[in-house]
Amino acid sequence: MDVRITPKRLTGTVTPPSSKSMAHRAILAAALSMGTSTIRGVSLSQDIEATLRCVGLLGCDWKQPEPGTLQVRGIWGREWDPAGPATFDCGESGSTLRFLIPVVLALEGGGRFTGRGRLMERPQEPYFAIFREKGVEYGLQDGVLTLRGELAPGEYRLPGNVSSQFVTGLLYALHFLESDSRVVLTSPLESGSYVEMTVQTLASFGVRVEKRGSRELVVPGDQFCQARDVTIEGDWSQGAFWYAAMALGSPVEAAGLREDSVQGDRVAAALARRLSQPGEAEVDLADCPDLLPPLAVMAAARQGTTRFTGAARLRLKESDRLATVHAMLTALGCRAEEGPDSLTVVGGPLAGGRVDGAGDHRIVMAAAIAATACGGPVTITGAQAVEKSYPAFWQDYKRLGGDVCVL
């Protein structure tokens with residue numbers, strides 16, 4: 001689906017969807033529980049549906065008694081006879097894939113994983129290094145990852161400057177093994193707020209993880225998640241796009257976001273205030289890489305030059321997000337320079353133009369927000385990519401007064 005947007009300011013209050021990161025974690029904890037959990041405030045998207053599909057293959061039952069509410073019956077304490085190694089279709093969800101890989105090994109001794117888009121091309125080497133050390137057989141061929149082996153308790157070492165999803169996956173898999181384990185980071189942890197989110201979610205389901213310093217997590221064994229009733233809070237990663245709209249001159253208010261949230265992307269509010277001031281600015285994205293698209297749009301419309309650093313991991317997202325953000329900005333008439341792990345944006349008037357959505361939900365949403373301040377129409381290709389994380393984005397955009405025409 002391609003859309004054409006006629007530039008127009010947005011007005012009103014919008015409630016972003018609930019946190020996708022928190023929902024993934026709560027669903028997996030509920031699936032690994034004894035009893036039935038109720039998870040409220042869940043915004044279904046393609047990524048969340050991928051996690052639900054996969055936990056179902058683990059023997060978990062779930063249903064949606066009403067919109068926004070899930071009831072998840074966990075796998076422990078019930079009889080279930082698996083039909084053999086399953087194939088887990090993770091869609092385009094990196095969280096689903098990386099969270100489930102060690103869990104499936106620990107529960108079933110192997111399985112197959114597949115996905116769509118660039119998912120199976122995204123790096124898994126931190127896991128592969130562990131598999132080689134622990135004697136787990138693995139193979140990746142034609143977009144299918146096959147695993148066979150046992151995940152045993154012990155020490156697991158991995159670098160901290162890769163996706164925090166690898167750490168989260170191990171924490172979910174190690175707690176129910178028969179004895180204690182340790183996750184040791186061999187370099188400083190980036191995106192540490194996501195690991196903190198995992199630790200807090202497990203704690204809310206009755207599982208203890210001990211943090212020792214900044215690079216070691218001790219996971220006592222023989223623990224089991226207990227069913228809980230939880231509510232998922234609003235998603236700062238999605239809310240950041242509406243903060244970008246505010247920075248570009250639209251009187252929009254984002255509701256339902258907790259200022260005291262553990263989500264690292266809550267810095268979007270402070271960064272929006274910072275980028276509303278003229279002059280030179282530098283933003284380190286090491287702990288908030290998903291914020292680059294909305295922050296880049298803010299930078300494009302401000303007076304001054306903004307340099308975004310610590311962004312190398314963005315090349316491994318749904319698109320090469322450094323390249324596609326750069327392409328989006330230049331297509332709209334903005335001056336920008338792409339580096340190996342950085343992006344420099346020179347603020348100034350935006351002309352409008354044609355943006356390739358690159359199959360990336362965040363590129364599409366960023367271009368739509370940028371359109372509110374352009375001098376001419378903006379055409380965005382592949383606008384349906386928002387279904388991955390924010391299916392109601394276009395409805396919300398139009399409700400706020402956005403002028404969108406489907407081509």
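Predicted model: local features only at pLDDT ≥ 70, side-chain atom pairs only at ≥ 80, totals over all residues.
## Nonpolar cores

The largest nonpolar core holds 68 residues. Ile39, Leu100, Phe113, Phe131 and Leu171 touch the most other members. Helix H1 (residues 20-31) supplies the largest share of this core, with 8 residues. A second core of 67 residues is separate. Leu248, Ala254, Leu257 and Leu400 are among its members. In soluble globular proteins, nonpolar side chains tend to be buried together.

Phe131 gives a local view of the largest core. Setting aside neighbours within four places in sequence, Phe131 contacts Ile101, Leu105, Val136, Tyr138 and Leu147.

## A four-stranded sheet

An open sheet of 4 strands runs in the order S22-S23-S1-S24. Its pairing is mixed. Strand S22 (353-356) and strand S24 (403-406) are the edge strands. Each has a single partner strand, so one side of each has no neighbour in the sheet. From one strand to the next, the twist averages 20°.

Strand S1 (residues 3-6) pairs with S24 in the antiparallel sense, over 4 bridges. Thr6 sits opposite Asp403 in S24. Helix H11 (residues 361-371) lies across S1, S22 and strand S23 (378-381). The angle between H11 and S23 is about 170°.

## Arg302

Is Arg302 buried or exposed? Arg302 is buried, because its relative accessible area is 6%, and buried means under 20%. The residue is in the loop between helix H9 (292-301) and strand S19 (305-309).

Beyond residues up to four places away in sequence, Arg302 touches Arg274, Leu275, Gln277, Pro278, Gly279, Ala281, Gly347 and Gly348. Its side chain reaches the backbone oxygen of Gly279 at 2.8 Å. Arg302 and Ser276 are 26 residues apart in sequence, with a C-alpha to C-alpha separation of 6.7 Å.

Most residues other than glycine have a negative phi. Asp142 is not a glycine, yet has a positive phi of about 55°. Ser191 also has a positive phi, near 50°.

Where does Asp142 lie? Asp142 is in the loop between strand S9 (137-141) and strand S10 (144-148). Ser191 is in the loop between strand S12 (181-185) and helix H6 (192-204). Asp142 is exposed, with a relative accessible area of 74%, whereas Ser191 is buried at 3% relative accessibility.

Conventions
Residues numbered from 1 in each chain as written. Heavy atoms only, no water. Helix = DSSP H or I, 4+ residues; strand = E, 2+ residues; numbered from the N terminus. Buried < 20%, exposed > 50% of the residue type's maximum accessible area, 1.4 Å probe, protein only. Contact = heavy atoms within 4.5 Å. Polar contact = N/O pair within 3.5 Å; in protein donor to acceptor, adjacent residues only side chain to side chain. Core = buried A, V, L, I, M, F, W, Y, C linked by side-chain atoms within 4.5 Å. Pairing = 2+ DSSP bridges. Axes fitted to C-alpha atoms, helices over the stretch in contact; angles between N-to-C directions.
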